[in-house]
Amino acid sequence: MTVERTEENTVAYTVEGGIAWVKFNRPEKRNCMSPKLNRQMMRVLDELEYRDDVGVLVLTGEGSAWSAGMDLKEYFRETEAEGLRGIRKSQSEAYGWWRRLRWYHKPTIAMVNGWCFGGGYGPLHSCDLAFAAEDAQFGLSEINWGILPGGGATKVATNLLSMRNAMYHALMGENIDGKTAAEWGLINEAVPAASLEARVTEVAKVLLEKNPVALKATKDAVRRVMEMTYDNAEDYLIRAQEAANFFDGEGRKEGIKQFIDDKTYKPGLGAYNRSGDA
Ligand code: ACO
């Protein structure tokens, strides 16, 4: 029987121990992205972004899929029937939350539990880190139904993969598993499905110990400098650190003090104790 979800039920989330676990929640449709889901995801990102009890956001999927890409019926066929206005509106709803996620205030982790296709590469790339089950399946399946990988998917492939792998992936419409995705650089790491959540929790906990102002400055810097010349990057990084100092004047001084004066930790081996932050 077809389940008609309310817009609100297309995304689920819980917050626990500083981690927001956000789920694509249309398992019966393999979590493909409909206009309803895209609008709800933006609301959920809004709700969580500046909450004090959220330090890291994990994006995962309910059921057997992470996301089977765009909803071919609701995102493509039905919006095309509304003409250019409908098409552009649904594009901006989808691209809008991916962009929001790309520059999110908190570090983000994609936890890819299963299928990840096409449009799914948008939010995959938006997440700062990505971990997958070894048997998860990744594919640019656009070519299989007769379009090019749009919505940023080609850009994601060329940003993250070698030209040869990006070309093969886009032209052949063959899937790769989590292990190959890690070898190709599409994700950070693939682990057995049974240990995926534990591994992601472990990574999130490490991030939760870091200075949050430094985390935001660092994640933005990595994305920004990719498109800059060396000199522009050098200049940007000076200014970005000075801007970070404005919001967190004492954190780095405390970090130096605990190492040089107190000798309570070594920056080469872990983070300083932030309970001492002014
Ligand atoms: N768009 C619309 N409906 C979808 C999508 C999608 N992207 N993916 C799955 N569904 C629907 C199916 O139509 C089916 O609906 P129904 O129960 O009303 O018949 C339901 O979800 C379950 O899908 P199945 O195909 O039965 O699930 P199965 O587990 O056998 O296969 C798989 C999973 C391989 C992910 C398959 O659903 C599939 O190929 N989906 C399309 C993947 C794809 O190419 N996405 C588009 C990428 S291109 C882009 O995003 C721009």
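Residues are numbered from 1 along each chain as its sequence is written, and side-chain values use heavy atoms, with hydrogens and water left out. Because the model is predicted, local features need pLDDT of at least 70 and side-chain atom pairs count only at pLDDT 80 or more, while totals for chains, interfaces and linings use all residues.

**Exercise 1. Describe the interface of domain 1 and domain 2.**

Solution. 

Step 1: list who takes part. Domain 1 brings 15 residues to the contact and domain 2 brings eight residues, where contact means heavy atoms within 4.5 Å.

Step 2: give the area. The size of an interface is often given as the accessible area lost when the parts come together. Here domain 1 and domain 2 bury about 940 Å² between them, and 50% of that is on carbon and sulfur atoms. Buried area is the accessible area (1.4 Å probe) that two parts lose on being put together, summed over both. On the domain 1 side, Trp 103, His 105 and Asp 128 supply 51% of the area buried against domain 2, more than any other three residues.

Step 3: count the polar links. Two salt bridges cross the interface of domain 1 and domain 2; a salt bridge is a side-chain nitrogen of Lys or Arg within 4 Å of a carboxyl oxygen of Asp or Glu. The interface also has 10 residue pairs in polar contact, with both residues at pLDDT 80 or more. A polar contact is a pair of N or O atoms within 3.5 Å; within protein, one must be able to donate a hydrogen and the other to accept it, and residues adjacent in sequence count only if both atoms are side-chain atoms.

Step 4: Helix H3 (84–102), helix H4 (121–126) and helix H9 (196–208) each supply at least two residues of the side that touches domain 2. Helices (H or I, at least four residues) and strands (E, at least two) are DSSP runs, numbered from the N terminus. By class, this side of domain 1 has seven nonpolar, five polar and three charged residues.

**Exercise 2. Is Asp 220 buried or exposed, and which residues does Asp 220 touch?**

Solution. 

Step 1: locate the residue. Asp 220 sits in helix H10 (residues 212–225).

Step 2: apply the cut-offs. Buried means under 20% relative accessible area, exposed over 50%, partly exposed in between (1.4 Å probe, protein chains only). Asp 220 has 15% relative accessibility, so Asp 220 counts as buried.

Step 3: list the partners. Not counting residues up to four places away in sequence, Asp 220 touches Trp 103 and Tyr 236. The side chain of Asp 220 also makes a polar contact with that of Lys 216 (2.9 Å).

**Exercise 3. Trace the salt bridges of Arg 100.**

Solution. 

Step 1: start from the total. The structure holds 21 salt bridges.

Step 2: take Asp 46. Arg 100 pairs with Asp 46, the closest N and O atoms being 2.6 Å apart. Arg 100 is in helix H3 and Asp 46 in helix H1, 54 residues apart, and the pair links distant parts of the chain.

Step 3: take Glu 49. The closest N and O atoms of Glu 49 and Arg 100 are 2.8 Å apart.

Step 4: check accessibility. Arg 100 is partly exposed at 24% and Asp 46 is partly exposed at 42%, whereas Glu 49 is buried at 3%.

Conventions. Nonpolar A, V, L, I, M, F, W, Y, C, P; charged D, E, K, R; others polar.
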